[in-house]
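Open the model in your viewer and keep the sequence panel beside it. Each stop below names something to select and then says what is there.

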Amino acid sequence: LMRALDTNQDGNVDFEEFLVGIRGEMNETRKAIVEQAFNKFDADGSGVINNEDLRDVYDASRHPKVKKGEMTEDEVFLEFLQNFGDSNRDGQITKDEWFDYYAAVSSSVDNDEHFVLLMKNAWKLE
């Protein structure tokens, strides 16, 4: 049971891993909106989201730490990627990493319509 729930293999089962394990995979409605968001970020169609893809949709120069000189734009992009599922910290988010991240988010949202609305509003999707 522990191996099945500990998806990142760190020896612990955190709350998100537990919820995903109990609730199971996202349904087709949720997968479709998560895919749409991934495709919006993956501007070059390479199958991964990286710094270059983000530059088209996120202006890191406006980040408060960049403005204060505490971080570079590249550091902000890498932090952004890590916060959104770059589990191996290689500066890229694969589709699997993106879906794993949103499986955890999805597991804490009971209603499909609410999840879709959350995704549309967060990423300005149509």
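A helix here is a DSSP run of type H or I with at least four residues, and helices are numbered from the N terminus. By that rule Ala32 lies in helix H3, a stop on this tour. The model is a predicted one.

**Whole chain**

Start with everything shown as a cartoon. The protein has eight helices and two strands, and their order along the sequence is α-α-α-β-α-α-α-β-α-α. Of its 126 residues, 36% count as buried. Take the contacts between residues at least 6 apart in sequence: 51% of them join residues at least 24 apart.

**The nonpolar core**

Select Val34, Ile49, Trp98, Tyr102, Phe115, Met119 and Trp123 and show their side chains. The largest nonpolar core has 26 residues, and these are the members that touch the most others. Next colour helix H3 (28–41), helix H6 (73–83), helix H7 (95–107) and helix H8 (112–123), each of which supplies at least two residues of this core. Which helix gives the largest share of this core? H3 does, with five residues.

Stay on Trp123 and look at what surrounds this side chain. Apart from neighbours within four places in sequence, Trp123 is in contact with Ala37, Lys40, Phe41, Phe80, Phe84, Trp98 and Tyr102.

**H3 against H8**

Hide everything except H3 and H8. Two packed helices are described by the angle between their axes and the distance between the axes. For H3 and H8 the angle is about 5° and the axes are 9 Å apart. Angles under 35 degrees count as roughly parallel, so H3 is roughly parallel to H8.

Now show the side chains where the two helices meet. On the H3 side, select Thr29, Arg30, Ile33, Val34, Ala37, Lys40 and Phe41. On the H8 side, select Asp112, Phe115, Val116, Met119, Lys120 and Trp123. Colour the selection by residue type: the contact of H3 with H8 divides into eight nonpolar residues, one polar and four charged.

**Ala32 and Val116**

Ala32 and Val116 are 84 residues apart along the chain, and their C-alpha atoms are separated by 9.3 Å. Ala32, at 47%, is partly exposed. Not counting residues up to four places away in sequence, Val116 touches Thr29 and Ile33.

**Glu97**

Bring back the rest of the chain and go to Glu97, which is found in helix H7. At 8% relative accessibility, Glu97 counts as buried. Show the residues around Glu97. Beyond its neighbours within four places in sequence, Glu97 is in contact with Gly85, Asp86, Ser87, Asn88 and Gln92.

**Lys124**

For the last stop, move to the segment after H8, where Lys124 has its place. What is the phi of Lys124? Lys124 is not a glycine, yet its phi is positive, at about 50°.

Key
Residues numbered from 1 in each chain as written. Predicted model: local features only at pLDDT ≥ 70, side-chain atom pairs only at ≥ 80, totals over all residues. Heavy atoms only, no water. Core = buried A, V, L, I, M, F, W, Y, C linked by side-chain atoms within 4.5 Å. Buried < 20%, exposed > 50% of the residue type's maximum accessible area, 1.4 Å probe, protein only. Contact = heavy atoms within 4.5 Å. Axes fitted to C-alpha atoms, helices over the stretch in contact; angles between N-to-C directions. Parallel < 35°, antiparallel > 145°, perpendicular 65-115°, else oblique. Nonpolar A, V, L, I, M, F, W, Y, C, P; charged D, E, K, R; others polar.
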